[in-house]
Amino acid sequence: MSDEAPPSIRRINPPELGTPPGYSQIVEIGPSRVVFIAGQTALDCDGNVVGKNDFAAQADQVFRNLGVALQASGCTPANLVKLTVFLTDMDHLGRYRDARNRFFASVAPPAAPAVTLVEVSKLYGPDFMIEIEAIAAR
């Protein structure tokens, strides 16, 4: 970590767009460093798939990996400004939200990055059920 001033992060939810559950419609960042995090999947540090055929276990591993990536760049979940979430089955949306809520539960002030969530036919590995890429600001 450095002595740099934290970025100015403003989360905007115009009433005309409705109140989103667990994310922000717009995230504006002031002068800062922007960190792009590649799509994280349910791989452990040895390259093994965690939770084959178990979405909840995969989602937890993906968020663990995202936490490691954030820490390596001197960030925390509070620095996240954008997530792009890929699910192979939208029926897992509730379990994704559970994992996301656990991940952000300890963040103060509360973080609600802008989020795009899409269902895809498959991810790069046949056993992956979720992948998340992220943008953070410091």
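## Gln-58, a buried polar residue

Gln-58 has a relative accessibility of 0% in this predicted model, and therefore counts as buried, the cut-off being under 20%. The residue belongs to helix 1. A polar atom of the Gln-58 side chain lies 2.8 Å from the backbone nitrogen of Met-129.

Beyond its neighbours within four places in sequence, Gln-58 is in contact with two stretches of the chain that can be read from the numbering, as well as with Ala-42. One set of contacts comprises Val-49, Val-50, Gly-51, Lys-52 and Asn-53. Asp-127, Phe-128, Met-129 and Ile-130 are also in contact with Gln-58.

## Helix 1 and its surroundings

Helix 1 covers residues 55-72, 18 residues in total. From its first C-alpha to its last it reaches 26 Å, close to the 26 Å expected at 1.5 Å a residue. After the helix comes Gly-74, which has a positive phi near 75°.

The buried residues of helix 1 are Phe-55, Gln-58, Ala-59, Gln-61, Val-62, Phe-63, Asn-65, Leu-66 and Leu-70. An α-helix has 3.6 residues a turn, so residues three or four places apart point the same way. The cover over the buried residues includes two strands, strand 3 (34-40) and strand 4 (80-87). Helix 2 (93-104) and strand 6 (130-137) are also included in that cover.

## Two salt bridges

The structure holds two salt bridges. In one of them, the side chains of Asp-127 and Lys-52 meet with an N to O distance of 3.9 Å. This pair joins distant parts of the chain, 75 residues apart: Asp-127 is in the loop between strand 5 (114-119) and strand 6, and Lys-52 is in the loop between strand 3 and helix 1. Asp-127 counts as partly exposed because its relative accessibility is 28%, whereas Lys-52 is exposed, with a relative accessible area of 53%.

Arg-102 is partly exposed, with a relative accessible area of 48%. Asp-60, at 27% relative accessibility, likewise counts as partly exposed.

## A nonpolar surface patch

Ile-29, Val-34 and Phe-36 form a nonpolar patch on the surface, and together they have about 280 Å² of accessible area. Ile-29 lies in strand 2 (residues 26-29) and, at 31% relative accessibility, counts as partly exposed.

Phe-36 lies in strand 3. Its relative accessible area is 63%, so Phe-36 is exposed. Not counting residues up to four places away in sequence, Phe-36 touches Ala-134 and Ile-135. Phe-36 and Ser-73 are 37 residues apart along the chain, and their C-alpha atoms are separated by 9.7 Å.

How values were computed. Residues numbered from 1 in each chain as written. Predicted model: local features only at pLDDT ≥ 70, side-chain atom pairs only at ≥ 80, totals over all residues. Heavy atoms only, no water. Helix = DSSP H or I, 4+ residues; strand = E, 2+ residues; numbered from the N terminus. Expected span 1.5 Å × (residues − 1). Buried < 20%, exposed > 50% of the residue type's maximum accessible area, 1.4 Å probe, protein only. Contact = heavy atoms within 4.5 Å. Patch = residues over 30% accessible without salt bridge, like charges linked within 9 Å, V, L, I, M, F, W, Y side chains within 5 Å. Areas by Shrake-Rupley, 256 points an atom, 1.4 Å probe, with all protein chains shown as cover. Salt bridge = Lys/Arg side-chain N within 4 Å of Asp/Glu carboxyl O. Polar contact = N/O pair within 3.5 Å; in protein donor to acceptor, adjacent residues only side chain to side chain.
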